[in-house]
Amino acid sequence: MSSLTCRDLTVGYGKLAVGRDLDLEIHGGEVMALLGPNGAGKTTIMLTLAGLIPLLGGSMELDGAPLKGGSARAANKAGVVLVPDTRALFTQLTTTENLDVAASPGGPGIDTVLDYFPALRTRAKIKTGMLSGGEQQQLAVARALVQGPKVLLIDEMSMGLAPIIVEQLMPIVRNIADDSGAAVVLVEQHVRLALEIADRAMVLVHGTITLSGSAEELRAQPERLESAYLGDTVQAHA
């Protein structure tokens, strides 16, 4: 299975670093929850991993091969696929057309992917702009999956969605990691729900990792999570 390894990452915009000395390692079939308050630098990390902004320092490797920073095409070709918090769907295209545009010859195929999202089958010919928020989020994840990712980055899947919809979507992320063997990095504000389906978690505050450990351990120690969100650096034992 694939392995994504990042060492001493510095991420940011131009000369402005918003995260320094960050280490991240995730293996195929795992879900890593990247948690933290707004403005912590989580999305910046995701954009860097996806090659959408340049890497300011450190190194990224996928399966032992260097992952070039600042090249979305190179990252995507290597197998890193981002589901952005904006979803970035083609709203004038139908559900099926959005999937057709993204489908990779080496991917799992549209029918296989739609097994995770049966509701989208009944909306196949509906323009994406007419879908509900939950359906659009399902489509955004499905569009990533048809590319056959080795590393799936999901940024704020719950953005703008009712909690009950988020509760329905989270187990699907777990199933995707288990079935496909993809390494999943999940940025999420619904901490409890994220920890229920994740294997491991990291809390980022002001560009610094203030807590890391197994999801099970962090669920059992809510006081450590609260301390981490306040910026107190503590380490859990994975």
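A pocket here is an open set of grid points where a 1.4 Å probe fits, with protein on both sides within 12 Å along at least five of seven lines, and its lining residues are those with an atom within 4 Å of a point. The model is a predicted one.

Begin with the largest pocket, which has a volume of about 200 Å³. Two helices, H4 (110-114) and H7 (163-180), each supply at least two of the lining residues. The largest share comes from H7, with 3 residues. By kind, the lining of the largest pocket has 7 nonpolar, 3 polar and 2 charged residues.

Now turn to the second largest pocket, which holds about 150 Å³ of space. Ala50, Leu52, Ala72 and Asn76 belong to its lining, together with Val80, Val81, Leu82, Pro84 and Gln147. Here a helix and a strand take part: H2 (72-78) and E6 (80-83) each supply at least two lining residues. Strand E6 gives the largest share, 3 residues.

What kinds of residue line the second largest pocket: nonpolar, polar or charged? The lining divides into 7 nonpolar and 2 polar residues, with no charged ones. Asn76 and Gln147 are the polar residues.

Key
Residues are numbered from 1 along each chain as its sequence is written. This is a predicted model: local features need pLDDT of at least 70, side-chain atom pairs count only at pLDDT 80 or more; totals for chains, interfaces and linings use all residues. Side-chain values use heavy atoms; hydrogens and water are left out. On a 1 Å grid over the protein atoms alone, a cavity is a set of points where a 1.4 Å probe fits but cannot get out, and a pocket is an open set with protein on both sides within 12 Å along at least five of seven lines; lining residues have an atom within 4 Å of a point. Grid points are joined across faces, edges and corners, and a volume is the space filled by probe spheres set on the points. Helices (H or I, at least four residues) and strands (E, at least two) are DSSP runs, numbered from the N terminus.
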